[in-house]
Structure formats: structure tokens, C-alpha cells
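Thanks for asking me to look over this model. Here are my notes as numbered points, to read with the structure open beside you.

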Amino acid sequence: MTIGEFGRRAGLSVKALRLYEASGLLPPAEVDTASSYRRYSAGQLDRAARIGLLRRLGMPLAVIGEVLDRPDAEAGKRLDRWWAGEQAAFSARRESYTWLRTRLAHGDEPERSYPVRVALRPSHKVATLLFEVDQENLVPAMGAAEWEIRRLLEEQRAAVTGEHWVIYHSAVTPESEAPIEVCVPFTGSVEPAGKVAIRIEPERLVAFAEVTRDDCFYPRITQAYEAVHEHVTEAGLILTAPPREIYLNSWDRLTGTDPFVHVAQPFEG
């Protein structure tokens with residue numbers, strides 16, 4: 001089929017097909033060397049339909065490639081993880097909207113109490129990704145980084161749990177990007193690959209406040225940060241590392257009232 005005929009049958013524009021060819025998602029079955037005419041086969045229609053559906057869901061091209069290049073069972077798991085990340089991002093936006101709308105209608109809500117505790121976190125081997133992001137893209141970027149790390153760990157047969165954390169090397173704001181580091185602890189032998197690094201996270205004392213899944217959205221989570229900051233300031237503690245959010249499990253494996261994240265500040269005892 002010509003590119004026009006294939007596009008009509010697949011429900012895709014010629015512009016979209018050229019984009020998918022350039023990205024490696026859907027190269028033509030053959031290209032005439034003399035005329036550069038592209039031809040597609042009927043066997044490519046199913047792949048084209050899947051690409052179109054995933055694009056309508058809002059999936060980035062890079063993630064579509066990961067889904068399509070895996071066997072169906074593995075592709076389903078990748079799709080599930082991406083969708084869970086999308087749901088988490090939407091939930092955070094919805095809760096932020098509800099918080100602001102409620103304040104506009106009824107005034108300020110009562111301050112929530114976040115008791116601060118202290119714990120000694122043991123040393124861990126971690127696989128990490130360091131990158132810059134702004135507040136708008138923070139949640140999906142965190143999810144994408146976690147998936148990339150976990151894929152590497154799975155490929156190298158490392159043992160992991162649902163725990164992971166995000167280290168904020170600088171303040172993330174709506175106006176500017178800042179560096180964050182997504183970390184997944186593991187046991188086993190793993191070699192770094194691509195942008196994923198392997199390092200030892202040392203034993204640390206941390207002051208932390210526990211936040212439920214329902215409360216893990218901006219700006220409510222800032223109250224937990226304020227509680228931790230007030231604790232370390234009043235105690236005169238020496239800070240030894242950037243603040244971090246220690247996630248106890250994946251968003252989709254918990255209910256709204258379950259403990260979800262520890263807002264933590266490492267310090268020197």
C-alpha cells in the first residue's frame with residue numbers, strides 16, 4: 001500500500017506516519033530507492049492501530065516503543081505501570097484543585113499535624129537517575145525514571161521491593177527546573193547502563209514525617225516539610241544531605257489512607 005492508502009486504513013495522517021517512521025516506531029515495509037516512495041504492508045496495520053491508540057492515551061513516543069517492542073504479557077505490565085503513573089499525576093492535580101477550590105469557597109482549612117520521628121536508615125545499594133525537572137512535570141518524570149531504573153534491575157535479576165525515594169538537590173518550582181535524583185534500593189549484582197548509575201547510599205539518621213497517599217499532593221505536603229524543618233531547626237541539628245521523599249510502595253498498590261511517603265531530612269547526630 002502507498003503511504004496515503006495505508007494511512008486511510010490505519011486512521012493515521014501521512015504526517016503522523018512520517019513521524020512514526022522517523023522515531024523508528026513504524027518504518028515502511030519497503031522504500032523505492034529511485035522515487036523514495038514508501039509502501040506499507042497489511043501486516044503492519046495492527047501495529048499502526050496500537051500506536052494510534054497509545055498516542056490518543058497521551059503516551060510519549062519513547063514509551064510506546066518500549067510497549068510495542070515487548071511480548072504482549074510484558075507489554076501489558078509496562079502499560080499498567082505507565083497508566084498508574086498517569087493516574088497518580090492526575091490524582092495529584094485533582095487534589096490540588098480541590099484544595100484550592102475548597103479554600104476559595106470556605107476559607108483556610110485547619111493545619112494538619114505531622115508528628116516528626118527520627119530513624120536510622122541503613123546503608124543501601126541503589127540504582128539512581130539524576131535529571132532536572134519543573135513542578136508541572138515532576139510526577140510523570142519521577143514515574144518514568146523509576147520505571148527505567150526498575151527495568152534495568154529486572155533485566156539484571158536484582159531483588160527489589162516497592163520502596164524508592166526521590167532526593168531534591170534543589171527546590172523544584174513551577175517557574176524553573178531543578179535537579180532531582182530517583183533512587184531504587186536493591187540487592188544483587190548490577191552494572192550501570194545508560195543514564196542509570198549505581199552507588200552506595202550510606203547509613204543516615206533522618207527526621208521524617210509520614211504522609212498518607214491522599215495527602216501526597218502540593219501544597220498540602222508542604223505542611224509535612226514545614227514540620228520536619230521546624231523539628232531540625234529547634235533541635236539545632238546539622239543537616240548532612242538534601243531532603244528526600246521516601247516512598248513506601250507504588251501508588252497503585254495502596255489505598256488513600258495508607259502511609260505512602262516519609263518526608264525526610266538527613267542529619268548528623
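1. **The second largest pocket.** Let me begin with an open site. The residues lining the second largest pocket are R50, L53, L54, L57, V67, L68, R70, D72, A75, G76 and L79. Please keep in mind throughout that this is a predicted model. The pocket holds about 170 Å³ of space. Three helices, α3 (45-56), α4 (61-68) and α5 (72-106), each bring at least two residues to its lining, and α5 provides the largest share, with four residues. Sorted by class, the lining has seven nonpolar residues, three charged ones and one polar one.

2. **E66, on one of those helices.** E66 sits in helix α4. Is this residue buried or exposed? E66 counts as buried because its relative accessibility is 19%, and the cut-off for buried is under 20%. Setting aside neighbours within four places in sequence, E66 is in contact with R78, W147 and R151.

3. **The chain as a whole.** Stepping back, the protein chain has seven helices and 11 strands. Its C-alpha atoms fill a box of roughly 75 × 55 × 30 Å along the principal axes. Of the 269 residues, 41% are buried. The accessible surface comes to about 15100 Å², and carbon and sulfur atoms account for 53% of that area. Taking the contacts between residues at least 6 apart in sequence, 69% join residues at least 24 apart.

4. **The largest nonpolar core.** In soluble globular proteins, nonpolar side chains tend to be buried together. Here the largest nonpolar core has 39 residues, and I149, L153, I180 and V211 touch the most other members. Two or more residues of this core come from each of β4 (124-133), α6 (138-155), β5 (164-168), β6 (178-186), β8, α7 (221-235) and β11 (259-268). Which element gives the most? That is α6, with six residues.

5. **L153, and a second core.** Apart from neighbours within four places in sequence, L153 is in contact with A127, A158, V160, V184, F186 and V190. There is also a second, separate core of 22 residues, with L12, L17, L25 and A48 among them.

6. **A178 in strand β6.** A178 is found in strand β6. Since its relative accessibility is 2%, A178 counts as buried. Which residues does A178 touch, not counting those up to four places away in sequence? They are F131, E132, V133, S170, A171 and V172. A178 and Q135 are 43 residues apart in sequence, and their C-alpha atoms are 9.0 Å apart in space.

7. The structure holds one cavity of 30 Å³ or more. The volume of the largest cavity is about 70 Å³. Which residues line the largest cavity? The lining is made of R121, P122, H124, W165, E201, P202, R204, V206, R244 and I246. By class, five residues of the lining are nonpolar, four are charged and one is polar.

8. **Backbone spots to check.** Most residues other than glycine have a negative phi, and most peptide bonds are trans. A cis peptide bond joins Y218 and P219, with omega at about 15°, and P219 is placed in the loop between β8 and α7. S36 is not a glycine, yet its phi is positive, at about 65°. The loop between β1 (30-31) and β2 (38-39) is where S36 is found, and at 43% relative accessibility S36 counts as partly exposed. R157, also a residue other than glycine, has a positive phi near 60°. R157 lies in the loop between α6 and β5, and it counts as exposed because its relative accessibility is 77%.

Methods. Residues are numbered from 1 along each chain as its sequence is written. This is a predicted model: local features need pLDDT of at least 70, side-chain atom pairs count only at pLDDT 80 or more; totals for chains, interfaces and linings use all residues. Side-chain values use heavy atoms; hydrogens and water are left out. On a 1 Å grid over the protein atoms alone, a cavity is a set of points where a 1.4 Å probe fits but cannot get out, and a pocket is an open set with protein on both sides within 12 Å along at least five of seven lines; lining residues have an atom within 4 Å of a point. Grid points are joined across faces, edges and corners, and a volume is the space filled by probe spheres set on the points. Ala, Val, Leu, Ile, Met, Phe, Trp, Tyr, Cys and Pro count as nonpolar, Asp, Glu, Lys and Arg as charged, and the others, Gly among them, as polar. A nonpolar core is a set of buried Ala, Val, Leu, Ile, Met, Phe, Trp, Tyr and Cys residues joined through side-chain atoms within 4.5 Å. Buried means under 20% relative accessible area, exposed over 50%, partly exposed in between (1.4 Å probe, protein chains only). Contact means heavy atoms within 4.5 Å. Accessible areas come from the Shrake-Rupley method with a 1.4 Å probe; for residues, only the protein chains shown count as cover.
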